[in-house]
Amino acid sequence: MMEASLETVERETGVNPKHSIIWLHGLGADGHDFAPIVPELAHDDLPALRFVFPHAPVRPVTLNQGLPIRAWFDAYGLTRDSREDIDGIRAARHAVTALIRRELERGVLPEHIVLAGFSQGCAAALYTGLRFERRLAGLIGMSGYLPLRNTTAAERHPANADTPVFLAHGSQDPVIPISFAEISRDALTALGQPIEWHVYPMPHAVHPQEIEDIQSFLIRVFSPAAPGSREPLPV
């Protein structure tokens, strides 16, 4: 089982941030992978943000010939019909949920938290965020997919049934084919989940326009006028 307490890399764009983004890296990477993106996402229309980049545990991964690398769960294959590590995905959910609760303890409202992820981190972010019992500001999934999609309808928490989801994928992705991402998109759309879908001319990577689009998404979901958004009550 994954330990609930994950080591993290943190970056803040201002003093005493009350909005947080928990960003999950891809298979074999670590929490430092996306830390350089923070200055590119800063904007005058955004409040002070705390970025939390956790390190996934090191574990043997079947897709990596059983050799240990950082992974949110085991990976048996990267097709829509591949076997899925149910226990590992659920353990990742508990560990990421613990990070969300830590932000709540720091005084961040749940509706001021965005859960993001790339590749396998996207899978863990979507799985966790849709099942969290309090409404989040939004979910961001980059070059990934929705795991255990056939359980989503039964397990999605009503609190996050209308939470906006940003999904982006590369049209030339050789690792996770875009068709797999489209199946995930369609599964969520069929459930009435608000989806913002983007395709970029890239492989399994991050596109400059994608960064700009994520920045715009953050401005919208962190706006005081966004659904569910509110300021902390005076103490």
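**Notebook: aromatic pairs and overall form**

I looked up the aromatic rings and found that the structure holds six aromatic pairs. The model I worked from is a predicted one.

Entry on Trp23 and Phe53. I noted these two residues as an aromatic pair of the tilted kind, with 6.3 Å from centre to centre and 40° between the planes. I then checked where the partners sit: Trp23 belongs to strand S2 (residues 19-24) and Phe53 to strand S3 (residues 49-54). The pair therefore links distant parts of the chain, its members being 30 residues apart.

Entry on Phe51 and Phe53. I found the ring centres of these two residues 6.0 Å apart, with the planes at 10°. I classed the pair as stacked because planes under 30 degrees apart count as such. For Phe51 I read a relative accessible area of 0%, so this residue is buried.

Entry on the cluster. Which residues form one aromatic cluster? I listed Trp23, Phe34, Phe51, Phe53 and Phe118 as its members.

Entry on secondary structure and contacts. I counted six helices and nine strands in the protein. I next looked at contacts between residues at least 6 apart in sequence, and 75% of these join residues at least 24 apart.

Entry on overall dimensions. I found that the C-alpha atoms fill a box of roughly 55 × 35 × 35 Å along the principal axes. I compared the radius of gyration with the value for a compact globule: with 235 residues, that value would be near 18 Å, and the protein has 16 Å, which agrees.

Entry on charges. How far apart are the mean positions of the positive and negative charges? I took down 6 Å between the mean position of the 20 positive charges and that of the 28 negative charges.

How values were computed: Residues are numbered from 1 along each chain as its sequence is written. This is a predicted model: local features need pLDDT of at least 70, side-chain atom pairs count only at pLDDT 80 or more; totals for chains, interfaces and linings use all residues. Side-chain values use heavy atoms; hydrogens and water are left out. Helices (H or I, at least four residues) and strands (E, at least two) are DSSP runs, numbered from the N terminus. The radius of gyration is taken over C-alpha atoms; the globule rule is 2.2 Å times the number of residues to the power 0.38. Contact means heavy atoms within 4.5 Å. Lys and Arg count as positive and Asp and Glu as negative; His and the chain ends are not counted. The place of a charge is taken as NZ of Lys, CZ of Arg, CG of Asp or CD of Glu. Rings of Phe, Tyr and Trp (its six-membered ring) pair if their centres lie within 6.5 Å; planes under 30 degrees apart count as stacked, over 60 as edge-to-face and the rest as tilted. Buried means under 20% relative accessible area, exposed over 50%, partly exposed in between (1.4 Å probe, protein chains only).
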